[in-house]
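Have the model open as you read.

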Amino acid sequence: MIFKMAWKNIWRNKVRTLIILISIVLGIWAGTFILAYAFGLIEQRVNDAIGYEVSHLQIHQPDYLLDNDPQFVIKKSTDLLNTIKKDERVKAASQRTLVHAMLATASNNAGAKTMGIEPQGENTVTQIASCIVDGEYLEDSDKNKILIGKKLAEKLKLKIRSKIVLTFQDTDKNIVSAAFRVKGVFSTYNAGLEQSTIYALKKDLDRLLNLKQEAHEIAILLQGADLVTDFTQEQKSKFAALSIRTWSEIVPELALMTNSLDQYLVIFLLIILLALSFGIINVMLMAVLERVREIGMLMAIGMSKLRLFFMVVLETCLVFCLAAPLGLLLAFGVITYLQNTGLDLSSAYGESYGALGFRTIIYPQLQAVYYLRIMLMVAVTAILASIYPAYTALRLEPVEAIRKI
Amino acid sequence: MKQDTEQQWVIQTKNLTKIYNSETIPVRAVDNVNLNIARGEFTALVGPSGSGKTTLLNLIGGLDQPTKGQIWVKEVELSSLKKKALIDFRLQNIGFVFQAYNLIPVLTAWENIEFVMLLQNRPAKERAQRVQQLLQETGLEAEANRRPAMLSGGQQQRVAVARALASKPQFILADEPTANLDSKTAESLLDMMAKLNKEENMTFIFSTHDQRVIQRARRVITLVDGAIVSDVPQIPYKSPNLKGFTGISYQ
């Protein structure tokens with residue numbers, strides 16, 4: 001009967017109940033969607049960073065990381081690469097020669113990180129081949145050809161087959177220059193990558209740097225992200241003289257974002273729920289104060305304070321119980337829909353997102369466990385929000401309450 | 001102080017006083033009232049507005065705390081009970097009928113009557129039988145599934161009486177039960193309560209201005225300024241000829 005009364009009580013003022021229900025539904029929907037949006041955004045950024053830039057882990061000569069001097073190379077890198085590739089946990093691996101070069105055309109110049117790659121091997125580790133928007137990807141048989149980012153190409157006014165001179169320091173600290181031709185133009189989600197990185201053939205750079213069977217970097221892609229920690233530990237013990245870093249060590253800001261995202265979003269959701277709970281407290285308090293006489297009568301005829309408290313708590317919880325599944329269901333529907341179609345923000349935030357390395361089409365995603373966590377948070381909020389109105393009801397004295405009109 | 005045991009009083013008050021502290025001066029709503037009521041009495045508390053009838057009723061019903069004095073109900077001194085025990089005591093022993101009916105608007109007539117028995121944790125079968133019986137006695141069988149808003153004033157007050165009777169209390173405290181009812185409905189309600197009083201020896205105490213109630217009461221207690229000025233245990237009731245007493249018309 002208490003349940004029945006509580007249920008009927010919340011529908012005494014249908015408009016008021018519907019308004020508060022809608023506000024809770026929208027609050028939960030918005031909070032849940034923002035969670036999914038942020039997770040989708042960060043997940044894509046991490047996947048892109050792994051897929052296009054850093055892979056799961058990278059191996060360097062430790063001194064190279066200190067000042068990027070080309071003399072600090074991984075000796076017998078091809079042998080090491082072949083050894084690593086034999087591990088069944090490794091999906092792909094590739095070695096690179098890296099230089100920081102000055103790019104000069106007839107009329108412009110710019111600095112850029114030049115990655116000397118082995119086209120076949122690189123294609124298995126990064127997805128740069130799929131980002132060619134003009135021209136073609138590099139081949140092993142090419143000589144002095146480069147891939148250049150669309151933005152950098154525009155800045156230097158370069159087209160396919162345009163000539164460009166790369167100048168950099170070799171391993172003996174001599175300045176070397178060589179002419180290259182643009183073979184392909186790539187465009188990625190990441191404006192920074194497009195503007196600051198070019199790809200050349202490793203063999204060309206090795207020749208100019210006087211490297212033999214050596215590389216500056218080995219990038220490794222594993223079968224799954226969950227293997228990273230164990231695999232890295234093993235490699236570190238095997239190759240103690242080399243620096244072996246995971247993607248989270250290479251781009252710590254991204255790792256920090258991923259690790260702290262959970263906490264930030266929970267705080268964000270708590271703020272939404274806190275705001276909602278004040279709305280609920282207000283509405284339930286009004287509902288109690290409108291029924292002062294009735295509550296007085298209930299106490300007069302023998303309803304215990306515990307039952308009264310329970311009834312008011314139940315009324316508040318019922319409102320949340322109605323609204324929370326609706327809000328979550330709405331969020332689930334929208335998230336599922338956008339998971340397939342994506343949320344295109346290119347017209348509004350294309351440039352700013354791209355500059356930060358984020359994609360402009362976001363695919364929101366949320367694990368089932370987060371729906372449960374939100375449900376739990378909503379339940380706790382409902383109980384907390386119900387306490388003050390219920391306490392107000394308890395403080396009423398039957399004789400005082402009955403006297404009031 | 002011990003209860004007077006010379007006669008088996010079921011309600012007894014000793015020097016009962018209730019003072020309300022208003023903004024200007026303290027108001028003695030009930031002033032040194034000594035009252036004994038035996039089982040099965042059909043008593044009316046009368047007096048002008050503000051004479052303390054409702055306050056006295058609330059004190060006897062344990063809804064209000066006296067400033068001074070004691071109240072015994074069934075040999076239990078009410079001020080000795082803690083709040084929870086007092087609520088339970090009311091639930092088990094006292095039925096209330098209010099002037100404004102005070103039914104639970106979201107429940108049907110049936111549910112309103114059943115409610116008190118639910119609070120008493122009575123079995124479902126017993127509840128159903130009792131509600132059915134009370135609906136028959138109050139002539140509300142056809143209205144069982146109607147909410148208070150769909151009932152007339154008289155029907156609502158009959159539901160309120162049925163609710164008060166549902167828990168089979170020993171006392172019914174009724175505050176102006178006929179004030180909002182037309183003559184026919186009021187007579188019908190009083191007939192019903194008189195019948196219960198006679199057949200089940202249930203004790204009724206009314207606070208009233210209504211001449212129809214006063215005429216049926218077997219004892220009439222008159223209050224003025226919180227004090228008992230007259231206690232007449234006979235029929236017909238005669239006016240104590242009080243100066244300034246305009247609350248009722250006397251025959």
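## Helices in chain A

The axes of α13(A) and α15(A) come within 8 Å and cross at roughly 150°. In this predicted model, local features need pLDDT of at least 70 and side-chain atom pairs count only at pLDDT 80 or more, while totals for chains, interfaces and linings use all residues. As for bookkeeping, residues are numbered from 1 along each chain as its sequence is written, chains are lettered from A and ligands numbered from 1 in the order in which they are written, and side-chain values use heavy atoms, leaving out hydrogens and water. Axes here are lines fitted to C-alpha atoms, for helices over the stretch in contact, with angles running from 0 to 180 degrees between N-to-C directions. Helices (H or I, at least four residues) and strands (E, at least two) are DSSP runs, numbered from the N terminus.

The α13(A) and α15(A) pair is therefore roughly antiparallel (over 145 degrees; under 35 is roughly parallel, 65 to 115 roughly perpendicular, and the rest oblique). Their crossing is right-handed, meaning the near helix is turned clockwise from the far one by less than a right angle, with anticlockwise being left-handed. By class, this contact has 24 nonpolar, 3 polar and 1 charged residues (Ala, Val, Leu, Ile, Met, Phe, Trp, Tyr, Cys and Pro are nonpolar, Asp, Glu, Lys and Arg charged, and the others, Gly among them, polar).

Now for α13(A), residues 305–341, and α11(A): their axes come within 11 Å and cross at roughly 135°. That makes the two helices oblique to each other, and the crossing is right-handed. On the α11(A) side, I280(A), M284(A) and V288(A) meet V312(A), E315(A), T316(A), V319(A) and F320(A) of α13(A), where contact means heavy atoms within 4.5 Å. The tally is 6 nonpolar, 1 polar and 1 charged.

## A helix pair in chain B

Over in chain B, α3 (residues 109–119) packs against α5 (residues 153–166) at about 25°, with the axes 7 Å apart. So α3(B) runs roughly parallel to α5(B), in a right-handed crossing. From α3(B) come A109(B), N112(B), I113(B), V116(B) and M117(B), and from α5(B) come V159(B), A162(B), R163(B) and A166(B). That splits into 7 nonpolar, 1 polar and 1 charged residues.

## Salt bridges and the interface

The whole structure has 28 salt bridges over all chains (a side-chain nitrogen of Lys or Arg within 4 Å of a carboxyl oxygen of Asp or Glu). One of them joins R373(A) to D262(A), with the closest N and O atoms 3.5 Å apart. R373(A) sits in α15(A) and D262(A) in α11(A), so the pair ties together parts 111 residues apart in sequence.

Between chain A and chain B the count is 3 salt bridges, and E397(A) with K83(B) form a salt bridge at 2.7 Å, N to O. The contact takes 23 residues from chain A and 26 residues from chain B. Together the chains bury about 2200 Å², 65% of it on carbon and sulfur atoms; buried area is the accessible area (1.4 Å probe) that two parts lose on being put together, summed over both.
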